[in-house]
Amino acid sequence: MRSIWNGAISFGLVSIPIKLVNATESHSISFRQIHTEDGGRIRYRKFCEVEDREVTSSEIGKGYEDADGTIVPITDEDLAQLPIPTAKTIEIVAFVPADRIDPLQMDQAYYLAAGGAPAAKPYTLLREALKRSNKVAIAKYALRGRERLGMLRVVGDAIAMHGLLWPDEVREPQGVAPEADVTVRDKELDLADALMDTLGEVDLEDLHDEYREAVEEVIAAKAAGEAPPESPSRPAGGKVLDLMAALENSVRAAKESRGEAAPPEEEAEVRHLPRKTSRAAPKTTGGKKSTSTTKKTQATPRKSTSKTAEPAKKTTASTSRSTAAKKTSAAKKTTTKKSASTTKKTTQPRKRSA
């Protein structure tokens, strides 16, 4: 890897020659500006206002514009000879716990490579001291025309440095949080915790830039004269009206995406209201109401008597009918017997006398 800065780490009276190497790289796809009618490249040419001609990069330097418009030239030699100790040195000023560093301050990351064989011993000493203390080193250094703040930590067997923003460069979050008073229920927090547990952890090595891959597919298709791939249709996101339902659906979708069985939907709980066993007694606030109640109570037995009298009449009528039927059948039997005896008497022969 190519170094972008050479210097040394100042660790008390120990000096460690190092080379600064970029620890990250960008894989984003860059585009050129073109003329949409004919596809011609759009270029920016640099002209000198005094000579009114185009100049090359080798002719371009730095300059500071004063308040009255005067340009003060500044050369690289002027910057290299700045009267500060961090011009070519990463000066460690303190060792602090890692959790003292606000992630908002994190900036560009670099690897610090040992600058030759003489740097191996002090480089290893600093690395092992950082490991054993479980702390990070706060340092100041100058790079690209300005002094910067950095944090040194151990990554594997190497020392890495993260550029840090100065504390006054981090803005306060004023007007960012919602101003309205919002109450979050315990059940909503429980569902949020369940969603976090379902999503779980992820191996960062498995994550990749899907946007860059999609752009590469579009470029390859158009270069081959084919139609670019169409994006899959996604359901339009609506306004969340029920936060609980959204959380429950999110937990269910997260479990299904991980191949876990979705929890059965809970049935609604039915609660039966207690029945009233007796009616409340009427209020006796006046004499008229109590009198009417008494009348109703007295009228009730009369109705029950008339109703019970009808079955009694029916029972008497049926009894008399059955008695008459029995007498008729008995009379028939008696008549039949008499006729039979009479027939026998007439059919018998008379005895003759001698």
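The model is a predicted one, and its seven barrel strands close up in the order β1-β2-β8-β11-β10-β9-β7, with pairing that is mixed. From one strand to the next, the twist averages 40°. Helix α2, residues 120-133, packs on this sheet, while helices α3 and α5 pack against each other at an angle of about 20°.

**How the barrel strands pair**

- Strands of a sheet pair through backbone hydrogen bonds, and they may do so in either the parallel or the antiparallel sense.
- The parallel sense is found between strand β1, residues 3-11, and strand β7, residues 89-97, which are paired over three bridges; within this pair, Ala8 has Thr89 of β7 as its bridge partner.
- Strands β2 and β8 run antiparallel and are joined by five bridges, and here the bridge partner of Ile18 is Ala114 in β8.
- Strand β8 is also joined to β11 by five bridges, again with the two strands running antiparallel, and Ala109 stands opposite His162 of β11.

- Strand β9, residues 135-143, and strand β10, residues 146-155, run antiparallel and are held by seven bridges, with Ala142 finding its bridge partner in Glu147 of β10.
- Two residues lie between the strands in this hairpin of β9 and β10, where Arg144 takes a positive phi near 55°.

- Helix α2 touches β1, β2, β7, β8, β9, β10 and β11.
- The direction of α2 makes about 85° with that of β2, which covers residues 14-22.

**Positive phi values in loops**

- Most residues other than glycine have a negative phi, which is the background for reading the next two cases.
- Asp52, which is not a glycine, has a positive phi near 55°; Asp52 is found in the loop between β3, residues 47-48, and β4, residues 53-54.
- Asp52 counts as exposed because its relative accessible area is 62%, and the cut-off for exposed is over 50%.
- Asn134 also has a positive phi, of about 55°, although it is not a glycine, and its place is in the loop between α2 and β9.
- With a relative accessibility of 65%, Asn134 is therefore counted as exposed.

**Two helices packed together**

- Two packed helices are described by the angle and the distance between their axes.
- The crossing in which α3 passes α5 is left-handed.
- On the α3 side, the residues making the contact include Leu191, Ala192, Leu195 and Leu199, and on the α5 side they include Leu243, Met244, Leu247 and Val251.
- Taken together, the residues of the contact between α3 and α5 divide into ten nonpolar, two polar and four charged; Lys187 and Glu188 of α3, with Glu248 and Lys255 of α5, are also among the contact residues.

Methods
Residues are numbered from 1 along each chain as its sequence is written. This is a predicted model: local features need pLDDT of at least 70, side-chain atom pairs count only at pLDDT 80 or more; totals for chains, interfaces and linings use all residues. Side-chain values use heavy atoms; hydrogens and water are left out. Two strands pair if DSSP finds at least two bridges between them. Helices (H or I, at least four residues) and strands (E, at least two) are DSSP runs, numbered from the N terminus. Axes are lines fitted to C-alpha atoms, for helices over the stretch in contact, and angles run from 0 to 180 degrees between N-to-C directions. Contact means heavy atoms within 4.5 Å. Buried means under 20% relative accessible area, exposed over 50%, partly exposed in between (1.4 Å probe, protein chains only). A crossing is left-handed if the near helix is turned anticlockwise from the far one by less than a right angle, and right-handed if clockwise. Ala, Val, Leu, Ile, Met, Phe, Trp, Tyr, Cys and Pro count as nonpolar, Asp, Glu, Lys and Arg as charged, and the others, Gly among them, as polar.
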